Amino acid sequence: MAALLVLTGCLAQAAVQSPTPAEQRPEVRIGVLAFTRSEPPQDWSPVARYLNHALPRYHFVLLPLDHEGLTRAVRAGTLQFVLTNPGQYVELESSYGVTRLLTLDTSRGSASPSPRTGTIGSAVVVRREARGLQRLEDLRHLTVAIVGTEAFSGYQILAGALQPLDITLSEEDTLLSTGLPMERVAEAVLSGRADAGVLRTCLLESHPEWQSRLRVVAPQTLPGSHCATSTPLYPDWPIATLRSTPQPLARAVTASLLGMEAPRDGLSFTVPSDYQSVHELFRTLHIGPYARLPEPTLLSLARRYWPWLAALLALVCGWILYTVHVEHLIHLRTAALRHALDARKALEERVRQSQEQADHLARLSMLGELSGTLAHELNQPLAAIANYARSLILRVDHHRLDDSAVREAADAMAEQAERAGDIIARIRHFARKRPGSSTLASPSQIARDSIALFCGMLPHPPAIHIEDHFPPDLRVEVDALHIQQVLINLLKNAYDVTHLLPAAHQTLTLRLWADARHAHFEVIDDGEPLDADTRAHLFEPFFTTKPEGLGLGLSICRGIAEAHGGRLDATPADPLPGSRGMRFTLSLPLPSLPDTPDTPPSPAPDSRHA
């Protein structure tokens with residue numbers, strides 16, 4: 001970009017055919033910051049000389065102005081360009097919209113060393129014999145020589161560095177303003193009129209005669225330079241244009257100044273730096289454009305905004321009164337709601353007890369219907385025990401009893417007695433009335449126990465085809481006894497529908513499978529399917545298709561399923577027209593999400609029979 005601008009300036013210069021007399025050229029004024037009107041802080045004449053040579057169509061004039069004079073000239077619009085320190089540039093940028101074109105570059109070819117391209121800082125210097133001054137904190141209550149409070153590198157940078165240390169330099173007590181040139185600050189320190197002085201970074205190194213008598217406080221050595229600074233670094237002086245300056249003139253000046261070389265022309269410029277750090281410094285010090293932003297106090301805010309505060313106070317008082325009123329209403333309605341909730345809980349408790357009673361009666365009713373078969377089931381182990389006992393008696397009568405025969409008969413009798421005891425224990429456990437309790441249980445084991453209990457109640461149990469697709473470690477949180485009650489009820493209903501049919505249609509199927517969220521128990525029969533109207537009323541209380549039925553079994557079973565967070569549904573075993581059988585599906589939620597398919601698995605080839 002810089003090369004392109006230089007090339008543009010060169011082309012513009014080449015386009016000039018012959019110089020124009022000074023009195024016929026338009027005058028271009030460049031305001032330069034100076035402590036006095038006749039004394040700028042440094043020699044800027046190479047800028048005007050170079051521009052008059054590079055742009056002969058114009059006559060460039062340098063106007064040294066102090067801080068206030070430069071501000072007034074910018075406000076009046078009598079200047080086209082401004083050369084000032086970063087502090088005043090930030091003020092002019094915020095107040096009058098001046099725009100930086102380039103930044104002074106003191107690093108290329110300068111006789112004095114420079115910290116970095118386009119950066120300046122402050123160096124606090126003291127006499128070498130002042131051993132007690134090593135840190136910036138040691139400046140508290142000492143006399144410090146400065147150029148002036150409007151000097152950026154001669155005061156403002158140091159003031160910003162001292163603020164975090166809670167040190168404030170006062171013009172009345174601790175500051176000694178010397179004015180420009182900055183060499184006067186060093187002279188004040190050497191003469192003893194000041195304990196310390198503030199110089200621009202690298203100014204001490206450019207005067208070898210001072211280095212033997214002065215040193216820098218809290219020095220920070222900069223990379224690539226032997227200059228020492230006591231403060232952070234900021235961008236160097238910018239050259240800026242006013243809003244009223246013609247854009248072609250601003251572009252031509254920018255392109256021309258980029259062609260300056262310090263060894264040849266005395267000064268050089270580089271692309272404009274970022275001056276946000278200067279804004280932050282002024283905001284911290286409350287100076288420049290931020291001087292009118294003092295810390296607000298409660299008293300000043302109250303005086304300025306008292307009508308709004310009065311209205312706010314009235315609103316707050318009204319809000320407090322309204323809140324008290326609402327709180328009172330909430331208290332009354334909460335008490336009424338709490339009373340209603342207590343009554344509802346009592347009613348729900350009575351309903352729960354009634355439901356438990358109904359469940360218990362349903363199990364007893366089921367056992368009553370199957371009581372005729374229990375004697376037959378128990379007769380088998382009792383008859384076996386009697387047979388083994390008679391065989392022992394016969395062996396004794398014929399003197400053929402030995403130890404092995406006694407042990408064999410005793411083992412068989414004990415096995416049959418345990419079988420009879422298991423049958424009675426299962427029936428007693430199933431019939432016992434107790435409050436429901438949920439535990440983690442294996443759904444496969446619940447299904448096997450239900451089949452064993454159901455088959456144990458029948459003299460001629462049907463063939464039950466089991467398709468178990470549950471993972472071995474699958475668990476459900478249920479009341480196992482209630483789920484057994486549902487499965488036994490479904491198996492009994494399927495048996496009632498099919499036990500009078502031909503043998504080919506008497507087989508029942510219990511299919512077990514799980515998806516990502518539920519464990520499913522499907523009881524499938526091969527009987528006559530129910531029509532849609534019957535299925536719609538199937539789970540209603542007191543609705544039954546059996547002449548001797550009460551119509552409570554399926555209603556109670558669905559209530560048990562819903563109490564577990566599940567569902568009980570009835571659908572045709574096969575949706576095709578003319579197919580046989582019904583499918584009752586009990587779905588129970590899983591406590592976790594095992595890796596299971598989301599669709600019912602196809603029948604497994606190794607399905608078992610019970």
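In which sense do strand β20 and β22 pair, and over how many bridges? I will come to that after some ground rules.

The model is predicted, so to speak of local features we need pLDDT of at least 70, and side-chain atom pairs count only at pLDDT 80 or more, while totals for chains, interfaces and linings use all residues. Residues are numbered from 1 along each chain as its sequence is written, and side-chain values use heavy atoms, with hydrogens and water left out.

Now the opening question. Strand β20 (residues 518–524) pairs with β22 in the antiparallel sense, over seven bridges. Strands here are DSSP runs of E, at least two residues, and helices are runs of H or I, at least four residues, numbered from the N terminus. Two strands pair if DSSP finds at least two bridges between them. Strand β21 (residues 567–572) also pairs with β22 in the antiparallel sense, over six bridges. Look at S587 in β22: S587 is the bridge partner of H520 and of R567. Seven of the eight residues of β22 (residues 582–589) are buried, so this strand is largely enclosed by the rest of the structure. Buried means under 20% relative accessible area, with a 1.4 Å probe and protein chains only.

Next, an open sheet of five strands. The order is β8-β7-β9-β6-β10, and the pairing is mixed. At the edges are β8 (175–177) and β10 (214–216); each has a single partner strand, so one side of each has no neighbour in the sheet. Neighbouring strands of this sheet are turned by 35 degrees against each other on average, direction ignored. For angles, axes are lines fitted to C-alpha atoms, for helices over the stretch in contact, and the values run from 0 to 180 degrees between N-to-C directions. Contact means heavy atoms within 4.5 Å. Inside the sheet, β7 (residues 144–146) and β9 (residues 196–200) run parallel, joined by two bridges, and V144 stands opposite A196 in β9. Helix α5 (residues 152–162) lies across β6, β7, β8 and β9, at about 110 degrees to β9. Helix α6 (residues 183–191) lies across β6, β7, β8, β9 and β10, at about 155 degrees to β9.

Last, an open sheet of six strands, ordered β2-β1-β3-β14-β4-β15, with mixed pairing. Its edge strands, β2 (59–65) and β15 (269–270), each pair on one side only. Helix α2 (residues 45–54) packs on this sheet, touching β1, β2, β3 and β15, and its direction makes about 165 degrees with that of β2.

Terms used
Buried < 20%, exposed > 50% of the residue type's maximum accessible area, 1.4 Å probe, protein only.
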